[in-house]
Amino acid sequence: MQYDVVVIGSGPGGYVGAIRCAQLGLKTAVVEKYKTFGGTCLNVGCIPSKALLDSSEHFHNAAHTFTTHGIDLKSLKVNMPQMIARKDDVVAQNTAGITYLFKKNKIDSYEGVGSFVDKNTVLITKADGSTETLTAKNVIIATGSKPTALPFLPIDKKRIITSTEALNIKEVPKSMVVIGGGVIGLELGSVYARLGTKVSVIEFLPSIIATMDASLGKELQRVLKKNLGMEFFMNHKVTGATSNGKTVTVTAENAKGEAVNFDADYCIVAVGRTAYTEGLGLDKIGITIEERGKKVPVNEHLETSVAGVYAIGDVITGAMLAHKAEDEGTYVAETIAGQKPHINYNLIPGVVYTWPEVASVGLTEEQLKEKGTKYKAGSFPFKASGRAKASMDTDGFIKVLADATTDEVLGVHMIGPRAADMIAEAVIAMEFRASAEDIARTCHAHPTYTEALKEAALAATDNRAIHI
């Protein structure tokens, strides 16, 4: 065998898995069909969207809060080409970092589409049509996902677009329809709403970010409507969309079954993502993908039905999150090396990078009620936080859910400033099975946003929050 491990795909799961394999002394290669490493996350997902979210947030603050801070500006305007150029530079820096890490760890990389000849042989088909084969003792499938398309709504990539094209609009649209009130739709909708676009979100379900604690979606919808003027049309079923050259008409049915139309400059289709398995040749080695979601079935060790062939990240069941894929990449590398790693899937946090940010880990109130678990809940609003008042970020709250008998923390749900970073404290606490009392008795620096977590824990232990 040429290699101990061949990884197909270089997204967060693939490149982290490859690096961990190399660290453990395994001779490793990565096959990537694009010219740059990093997959969806680094190229057209997590990283570029956060770059635009940060840029648009700076503009929005300059337009709406700087005067209050005593900063007067004149002739404020958006330079969209520069904003896109900065985003592209951020992407380039990150993808170049992966190239450096591969060289540092002596990982071989091959450009082309990887597919199975047999369970130990990977065929690489290059852009010019030439081919090359690699042999390996183990293969890790890390091919990720692509935006889900609706069969009745063709995407022309000009006016009816996915999240990928939404990262490269060269002007500020007057209006935009976002189909889907999930993480991707709300983040990209926020970018353009901050820049002055009238954004309308059409959602089939009765709430946005429906997989998270219901209180978070309710508060986020209120804040996005109040702060950014975003409109929400819940319980609406999209039936089609037509591009008229420079505008789009989206047709839908409301909760009463009545036909309604939405006209806008652009329509972003953000109804989820589908596992990407096209061209892998899984049938050649006897792997049958799941009909729903096109997922690759794996066992508890993330090994497929074929020994020595593993799959990780968006291509298998579970949340489609970069950090989940990273942990799974490490898990598989250590499993191949003979170690016995573990992943607690209940403690993989979810984050929405709107402003305020939304973050969650563990069980929601709805899940606890469904399970019949007796619990205590404690909340603390950011409007009572000294640090939040100082930065004018008083929307949102933190909620701690703890077992009614043992006081063990079962879930933490927050919407507020820097929630994406603060959630790590809750994850660590829960990883060590902390009680709400443990968090409440841990000294938090003042003034900080994290004090709100301490106060929420105090509220959960015995309703004894200090600052409210």
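This is a predicted model: local features need pLDDT of at least 70, side-chain atom pairs count only at pLDDT 80 or more; totals for chains, interfaces and linings use all residues.
Local features need pLDDT of at least 70 and side-chain atom pairs count only at pLDDT 80 or more, whereas totals for chains, interfaces and linings use all residues. Residues are numbered from 1 along each chain as its sequence is written, and side-chain values use heavy atoms, with hydrogens and water left out.

**View 1. Packing of helix H1 against helix H4.** The axes of helix H1 (residues 12-23) and helix H4 (residues 80-104) come within 10 Å and cross at roughly 20 degrees, which makes H1 roughly parallel to H4 (angles under 35 degrees count as such). Helices are DSSP runs (H or I, at least four residues) numbered from the N terminus; axes are lines fitted to C-alpha atoms over the stretch in contact, with angles running from 0 to 180 degrees between N-to-C directions. The crossing of H1 and H4 is left-handed (the near helix is turned anticlockwise from the far one by less than a right angle). In the contact (heavy atoms within 4.5 Å), Tyr15, Ala18 and Ile19 of H1 meet Ile98, Leu101 and Phe102 of H4, giving six nonpolar, no polar and no charged residues. Here Ala, Val, Leu, Ile, Met, Phe, Trp, Tyr, Cys and Pro count as nonpolar, Asp, Glu, Lys and Arg as charged, and the others, Gly among them, as polar.

**View 2. Packing of helix H6 against helix H7.** Helix H6 (residues 183-195) and H7 pack at about 20 degrees with their axes 11 Å apart, and the two are therefore roughly parallel to each other. H6 passes H7 in a left-handed crossing. Leu186, Ser190, Ala193 and Arg194 in H6 meet Leu220, Leu224 and Leu228 in H7, a contact of five nonpolar residues, one polar and one charged.

**View 3. The second largest pocket.** This pocket has a volume of about 720 Å³, and of its 29 lining residues the closest to its centre are Glu57, Asn61, Trp355, Pro356 and Asp393. Helices H3 (46-64), H7 (214-228) and H11 (419-431) are the elements that give two or more residues to the lining, and H3 supplies the largest share, eight residues. On a 1 Å grid over the protein atoms alone, a pocket is an open set of points with protein on both sides within 12 Å along at least five of seven lines, a cavity is a set where a 1.4 Å probe fits but cannot get out, and lining residues have an atom within 4 Å of a point.

**View 4. The largest cavity.** The count comes to one cavity of 30 Å³ or more, and the largest cavity has a volume of about 40 Å³ (the space filled by probe spheres set on grid points joined across faces, edges and corners). Its lining includes Pro147, Ser163, Ile184 and Arg273.

Methods: Angles under 35 degrees count as roughly parallel, over 145 as roughly antiparallel, 65 to 115 as roughly perpendicular and the rest as oblique.
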